[in-house]
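Me: I have a protein model open and would like to learn how to read it, one feature after another. Could you take me through it slowly?

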Amino acid sequence: MRFNQLKLLLEHFVSCREAMQAMYRRLELNADSERVRMLLAYLQHQEKENAEHLKDFIAQAKHELLDTWTDIRLEQDLPARIAKISQPANMSSDDVTTLALDLGEQSLALLRLAKDELSMLGARQFIGNLIEHQEKRQKQMVHATHRLDDI
């Protein structure tokens with residue numbers, strides 16, 4: 001997959017987050033444990049907020065920034081891969097947390113790649129701010145899952 005403009009890359013990142021939300025919903029319907037279902041419901045909510053924030057972030061960006069040309073190529077389509085993920089009904093909250101962190105890192109790797117590849121300083125700063133925000137949300141998710149384990 002090749003992204004020619006920054007806007008297309010960001011839209012792909014949004015679709016990754018939406019795919020994660022759908023996957024968490026699918027896993028929630030299959031989970032045996034109430035604690036795991038609560039965690040999956042929380043993760044769905046987080047990804048919904050993530051996607052909405054990203055859409056707002058894109059909507060507020062300057063057009064010349066979004067039209068910045070890139071030559072970023074990906075070996076795999078992460079949303080399609082996410083759609084195929086399944087877990088057994090007896091999955092643990094640790095399994096879910098590990099999966100969430102892994103997928104979060106894979107989607108952030110896309111943004112980090114973009115930041116490294118972009119030559120326009122404004123675009124690099126824009127992506128850097130987005131990465132920082134996403135990393136902060138990921139840390140919040142980890143803290144929330146630890147609090148859930150303490151219950």
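Reply: We begin with the word helix: helices (H or I, at least four residues) and strands (E, at least two) are DSSP runs, numbered from the N terminus. T97, for example, lies in helix α5, which covers residues 93-117. Residues are numbered from 1 along each chain as its sequence is written. This is a predicted model, in which local features need pLDDT of at least 70 and side-chain atom pairs count only at pLDDT 80 or more, while totals for chains, interfaces and linings use all residues, and side-chain values use heavy atoms, with hydrogens and water left out.

Me: Is T97 buried or exposed, and what does it touch?

Reply: Buried means under 20% relative accessible area, exposed over 50%, and partly exposed in between (1.4 Å probe, protein chains only). T97 counts as buried because its relative accessible area is 14%. Contact means heavy atoms within 4.5 Å, and, leaving aside neighbours within four places in sequence, T97 is in contact with L39 and T145. T145, found in helix α6, is buried as well, with a relative accessible area of 4%, and under that exclusion of neighbours T145 is in contact with L39 and T97. L39 itself is among the buried residues of α2.

Me: How do I judge the length of a helix such as α5?

Reply: The expected span of a helix is 1.5 Å times one less than its number of residues. The 25 residues of α5 should therefore span 36 Å, and its end C-alpha atoms are 36 Å apart, which agrees. For α2, the 27 residues should span 39 Å, and the end C-alpha atoms are 39 Å apart, again in agreement.

Me: Which aromatic rings pair here?

Reply: A pair of aromatic rings is described by the distance of the centres and the angle of the planes. Rings of Phe, Tyr and Trp (its six-membered ring) pair if their centres lie within 6.5 Å, and planes under 30 degrees apart count as stacked, over 60 as edge-to-face and the rest as tilted. By this rule there is one aromatic pair. F57 and F126 form it, stacked at 4.7 Å centre to centre with 25° between the planes. The pair links distant parts of the chain, since F57 belongs to helix α2 (residues 34-60) and F126 to helix α6 (residues 121-150), 69 residues apart. F57 is partly exposed, because its relative accessible area is 22%, whereas F126 counts as buried at 11%.

Me: Which residues touch the most other members of the largest nonpolar core?

Reply: In soluble globular proteins, nonpolar side chains tend to be buried together. A nonpolar core is a set of buried Ala, Val, Leu, Ile, Met, Phe, Trp, Tyr and Cys residues joined through side-chain atoms within 4.5 Å. The largest such core has 23 residues, of which L6, L10, L111, F126 and I127 touch the most other members. The elements giving two or more residues to this core are α1 (6-30), α2, α3 (63-66), α5 and α6. A second, separate core of 21 residues includes C16, L78, M91 and L99.
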